[in-house]
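Here are some notes to read alongside the model.

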Amino acid sequence: MGRVDWGARAATFRDLHGPGKFLLLGNAWDVGSASILARIGYTAVGTTSAGIAFSRGAPDFGLVSLSEQISIVRQITSSVDIPVTFDLESASNLDGDELALLIDQVIDVGAVGVNIEDSIAGELLTRIDTERQIQRLRTVREAAAQRGSNLFVNARVDSFWLNPSAGEAEFVDLTQRSLSYIEAGADCIFAPGLIQRDFIHDFVCSVPTPINLLLMPGGPDLKELKDLGVRRVSQGSSLVRAAYSEFYFAAQELFEGVSVGSKERQPPLSYTQMNRLFIEASTRQSHGHPLESDISKIYPGDPP
């Protein structure tokens, strides 16, 4: 691609979130998927932690090392000519100098944005204390500033994520945390799991930064989200699940001795089903994986 102007990519990515703009972020897990998204015409790519985990034969429980993920991001940024934002998940629960060093590495591999969430994935989803997350976001912002980077910080707030019974109390928590994270330096707020139209409208009106939502079954479609004032929409694990589901069903048909495509296709595996598939695979490989094999005991919901 020749010499890359990372500053220009960062400026482009920030502009994609500007007033009146609507960004559909393509979520990739390797060079191939990112290259396809760029070829189709997506204006930016974000990594999907679920996709990277599934491609490593693991459930989406934060089991893939940051060093491995950073290597993948480096490969993607050097292979596409559109901005790439890195899903750090909880940033391995790092603080202080260790978190600042991680941000240095993120900038070094060419990512122009990060997604950092206020919960820790695993057997249970554990929320991070608000004050601690505020300090972590300040660390991210300060580390980027010291490098002269205009890193775009997308703060994920998990008040509604995997919480099918979420209501008014969770909405208050979502709003309060979001305002605190913005004050700490977040450029955008990501609220996965938020699908109630009234809540979305009120949230957009209450928060002074771009809002990022996850496209989810049962929630508003792209046009509705745009009309509600949402400026960024993520696909999450939907594309990687579609790809792996097609592989799974085709391989199953061949194994059963029938022609690929001769059976009526089932819907793509859900997020829960995909995680269960890789938990079971990991259990067989390790002869006793420490993770709970019944994912319904881990996550009560079944997001996309």
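**Notes on the predicted model**

1. The model is predicted. In it, 8 strands form a closed barrel in the order β1-β2-β3-β4-β7-β8-β9-β10, and the pairing is parallel. From one strand to the next, the twist averages 25 degrees.

2. Strands pair through backbone hydrogen bonds, and the sense can be parallel or antiparallel. For β4 (residues 113–117) and β7 (residues 152–156) the sense is parallel, over 5 bridges. Among the residues involved is Gly113, whose bridge partner in β7 is Phe152.

3. A pair of packed helices is described by two values, the angle between the axes and the distance between them. For helix α7 (residues 168–183) and helix α8 (residues 197–206), the angle is about 25 degrees and the axes lie 11 Å apart. Angles under 35 degrees count as roughly parallel, so α7 is roughly parallel to α8. Their crossing is right-handed.

4. Which residues make the contact between α7 and α8? From α7 come Glu168, Phe171, Leu174, Thr175, Ser178 and Leu179. Helix α8 supplies Phe199, Asp202, Phe203 and Ser206. By class, the contact of α7 with α8 has 5 nonpolar, 3 polar and 2 charged residues.

5. Helix α5 (residues 96–108) and helix α6 (residues 130–146) form another packed pair, with axes that come within 9 Å and cross at roughly 45 degrees. The two helices are therefore oblique to each other. The crossing of α5 and α6 is right-handed.

6. On the α5 side, the contact with α6 is made by Gly96, Leu99, Ala100, Ile103, Asp104 and Ile107. On the α6 side are Arg136, Thr139, Val140, Ala143 and Ala144. These residues divide into 7 nonpolar, 2 polar and 2 charged.

7. How many helices and strands does the protein chain have? Its secondary structure comes to 11 helices and 10 strands. Along the principal axes, the C-alpha trace spans about 60 × 50 × 40 Å.

8. The radius of gyration of the protein chain is 19 Å. A compact globule of 304 residues would have a value near 19 Å, so the chain agrees with that expectation.

How values were computed. Residues are numbered from 1 along each chain as its sequence is written. This is a predicted model: local features need pLDDT of at least 70, side-chain atom pairs count only at pLDDT 80 or more; totals for chains, interfaces and linings use all residues. Side-chain values use heavy atoms; hydrogens and water are left out. Two strands pair if DSSP finds at least two bridges between them. Helices (H or I, at least four residues) and strands (E, at least two) are DSSP runs, numbered from the N terminus. Axes are lines fitted to C-alpha atoms, for helices over the stretch in contact, and angles run from 0 to 180 degrees between N-to-C directions. Angles under 35 degrees count as roughly parallel, over 145 as roughly antiparallel, 65 to 115 as roughly perpendicular and the rest as oblique. A crossing is left-handed if the near helix is turned anticlockwise from the far one by less than a right angle, and right-handed if clockwise. Contact means heavy atoms within 4.5 Å. Ala, Val, Leu, Ile, Met, Phe, Trp, Tyr, Cys and Pro count as nonpolar, Asp, Glu, Lys and Arg as charged, and the others, Gly among them, as polar. The radius of gyration is taken over C-alpha atoms; the globule rule is 2.2 Å times the number of residues to the power 0.38.
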